[in-house]
Amino acid sequence: MGVTHHGRTYRLDLADPTLREWTCTVLSSDAEAGIVLDRSAFYPGGGGQPPDHGVLLWQGVQTRIVGTRKADDLYLLPAEGDPIPPAGTEVVGAVEDDRRTKLMRTHSGLHVLGGVVFRDFSALVTGGSMEPAEARMDFNLPEVPPDFKARLEELVNAEVVADRKVVTKVLPRDEALALPDIIRTQSNLIPADEQEIRIVDIVGLDAQADGGTHVASTSQIGRLQVVKVESKGKANRRVRVRLVD
């Protein structure tokens, strides 16, 4: 998955994560393999963030998009039984706004969570996943203070209301990897052949390599609740969070 393109598809979702509707052209089309567009704002999934849902509108009909398949090209998967626009058709793409917006808020919230745990508890991320408005993140944290859950929620929401800017930039690989603490996961997940790396920077708190979609400032996340802290092994702790407004 490229920073600007995936195969023949220009990644509008990374160029402008606020975009919800656009005009594009179908490059190839198959009910089983999927639909390839020349430009797409559908986030294809990755890094724990699920793919977008939405529709393609064309010639008075619609094709529901319910998933993606990533290969040499970026394939959008149509709902079973829906009509398929043939190659060469001009279509209007539309991303389901509520799902995408909640995923952006949730993803940015996880970056705040990871930044706080790294800063205040010196723990690296060992895994994570998200759905709209809820998520979990695992940390290498052998010792957990007695008040960890309540304290963590307070610290995270202090960063949310601080209204820190969320900035994305693309850097050459060597320049990106030279940044201090740019890898906040226990394992380096950046592909060895990736020559450009996209950085998501919550200014003053957390900067890391990331390919997802995010809000423009932490205040747009809304309040986060730390729902549960679980032990997942001798040194692994799972933190479950959800958006509450």
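I started at Ser28, which stands opposite Val36 in strand 4. This is a predicted model, where local features need pLDDT of at least 70, side-chain atom pairs count only at pLDDT 80 or more, and totals for chains, interfaces and linings use all residues. Numbering runs from 1 along each chain as its sequence is written, and side-chain values use heavy atoms, with hydrogens and water left out.

Next I looked up the pairing. Strand 3 (residues 21-30) runs antiparallel to strand 4, with 4 bridges; DSSP has to find at least two bridges for strands to count as paired. A hairpin of 3 residues links strand 3 to strand 4.

Then I checked the two faces of strand 4 (residues 34-37). Gly34 and Val36 on one side are buried, and so are Ile35 and Leu37 on the other, which leaves both faces covered. Buried here is under 20% relative accessible area, with a 1.4 Å probe and protein chains only. In a regular strand, side chains alternate between the two faces of the sheet.

Zooming out, I found 4 helices and 16 strands in the protein (DSSP runs: H or I of at least four residues, E of at least two). The radius of gyration is 19 Å, close to the 18 Å from the globule rule for 245 residues, so the protein is as compact as a globular one of that length. That radius is over C-alpha atoms, and the rule is 2.2 Å times the number of residues to the power 0.38.

Last, I noted that 47% of the 245 residues are buried. The C-alpha atoms fill a box of roughly 60 × 40 × 35 Å along the principal axes.

Technical notes
Buried < 20%, exposed > 50% of the residue type's maximum accessible area, 1.4 Å probe, protein only.
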